[in-house]
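Here are some notes for a first reading of this model. Please keep the structure open beside them and look up each residue as it comes.

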Amino acid sequence: MEIRGVLGRVEVGDGLPVRIMAVLNLSPESFYKGSVAVENAVERALGLEKYADIIDVGAMSTAPYLETWIPPEKELERLKAVLPDIVKSVKATVSVDTYRPEVARYALKVGAEVINDVTGGKLYPDMCRVVAEHDASVVLLAREREARRGVAPIQRVLDALRESVEHFQRCGVDPRKIAVDPGVGFPLLPPRDEPYVVKGEYRHGDEEWPWWKWDLHILANLRELRRLGKPILIGVSRKSFLRRIVGAESPDEVLPASLAAEAVAVLHGAHVVRTHNPKETRQAAAFAKALVDLFQKLDH
């Protein structure tokens, strides 16, 4: 089964180059300060698009282990200050990283083409209507409401994503405009949109799977997500499981591990890589994709 889709104006999927989604954060609270651009957001976006196909703009950090929550009014305020200028200035497709329907509605109205919802549409089920009304693309991230002890992480991720995909398709979202993200680094879904911080070893509610081993398992079994028939997006850039594994203290230290993990993700089927380092990631992804293409040729 060939998997193809579109994120905004960008065609993604099998037989195509790996697409690069660059992170641009308007949130000073973000875990990696190198991705934050507040005063110079347009200039930063223009720099990112040299190496990226999609620019993912976020106005609220969703790092689950930090106190980063802000109310929707503040998130909108940050976006309104720069998003229209970003959309007008860049040629790349613009995505907005939000799970709030009112924020998504504004973003799509001013020219964003993709919504990146880190709750998979589960915190606010009405998100699907906003996406459908604007004929937009969406990235759905795997989130579970409850733990399922004794079930392999990749199966839990598959089931969580299938639930989100089916909800958005029933709601009228174009099936070709849906991509899936296994949610590396994200714990169980919070019950409400309010401040929350998740720490500890067992963030998925199963003592057999410490959070960092969970993320490794997902990366190693990423190809299983092809069963959903949707393009696969992966975000592992500078995340905390890398720091735990290599013994680093901060996100600034794990660029080599990030690039290694991104290359592994491409080898295991990722079509889009979301990254804080688009220049370096583009090279790593291109190398891994060349290997994928060679393996496929040899198989035939």
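Which residue just after α3 takes a positive phi?

1. The residue is Gly111, with a phi of about 125°. Bear in mind that the model is predicted, and that the values below come from that prediction.

2. Helix α3 itself covers residues 101–109. Its buried residues are Pro101, Val103, Ala104, Tyr106, Ala107 and Leu108. Among the elements that cover these buried residues are two helices, α2 (72–89) and α4 (127–133). The strands β5 (93–97) and β6 (114–117) also belong to that cover.

3. Asp206 deserves a careful look. It sits in the loop that runs between β8 (178–181) and α6 (211–220). Asp206 is buried, but it has no salt bridge. The nearest side chain of opposite charge belongs to Arg156, at 4.4 Å.

4. What does the side chain of Asp206 reach? It reaches the backbone nitrogen of Glu208, at a distance of 2.9 Å. Setting aside residues up to four places away in sequence, Asp206 touches Arg148, Arg149, Gly150, Val151 and Arg156.

5. Arg227 is found in the loop between α6 and β9 (233–234). Its side chain makes a polar contact with the side chain of Glu224, at 2.9 Å. Beyond its neighbours within four places in sequence, Arg227 is in contact with Gln155 and Leu158. For a sense of scale, take Lys177, which is 50 residues from Arg227 along the chain. The C-alpha atoms of Arg227 and Lys177 are separated by 17 Å.

6. Next, the empty space. Rolling a probe the size of a water molecule over the atoms shows where such space is left. How many cavities of 30 Å³ or more does the structure hold? There are 4. The second largest cavity contains about 100 Å³ of space. Its lining is made of 14 residues, and those nearest its centre are Met60, Ser61, Thr62, Tyr99 and Tyr196.

7. The largest pocket has a volume of about 230 Å³. It is lined by 16 residues, with Asp14, His271, Lys289, Val292 and Gln296 closest to its centre. Which helix gives the most to this lining? Helix α9 (residues 278–299) does, with 3 residues.

Technical notes:
Residues are numbered from 1 along each chain as its sequence is written. This is a predicted model: local features need pLDDT of at least 70, side-chain atom pairs count only at pLDDT 80 or more; totals for chains, interfaces and linings use all residues. Side-chain values use heavy atoms; hydrogens and water are left out. Helices (H or I, at least four residues) and strands (E, at least two) are DSSP runs, numbered from the N terminus. Buried means under 20% relative accessible area, exposed over 50%, partly exposed in between (1.4 Å probe, protein chains only). Lys and Arg count as positive and Asp and Glu as negative; His and the chain ends are not counted. A salt bridge is a side-chain nitrogen of Lys or Arg within 4 Å of a carboxyl oxygen of Asp or Glu. A polar contact is a pair of N or O atoms within 3.5 Å; within protein, one must be able to donate a hydrogen and the other to accept it, and residues adjacent in sequence count only if both atoms are side-chain atoms. Contact means heavy atoms within 4.5 Å. On a 1 Å grid over the protein atoms alone, a cavity is a set of points where a 1.4 Å probe fits but cannot get out, and a pocket is an open set with protein on both sides within 12 Å along at least five of seven lines; lining residues have an atom within 4 Å of a point. Grid points are joined across faces, edges and corners, and a volume is the space filled by probe spheres set on the points.
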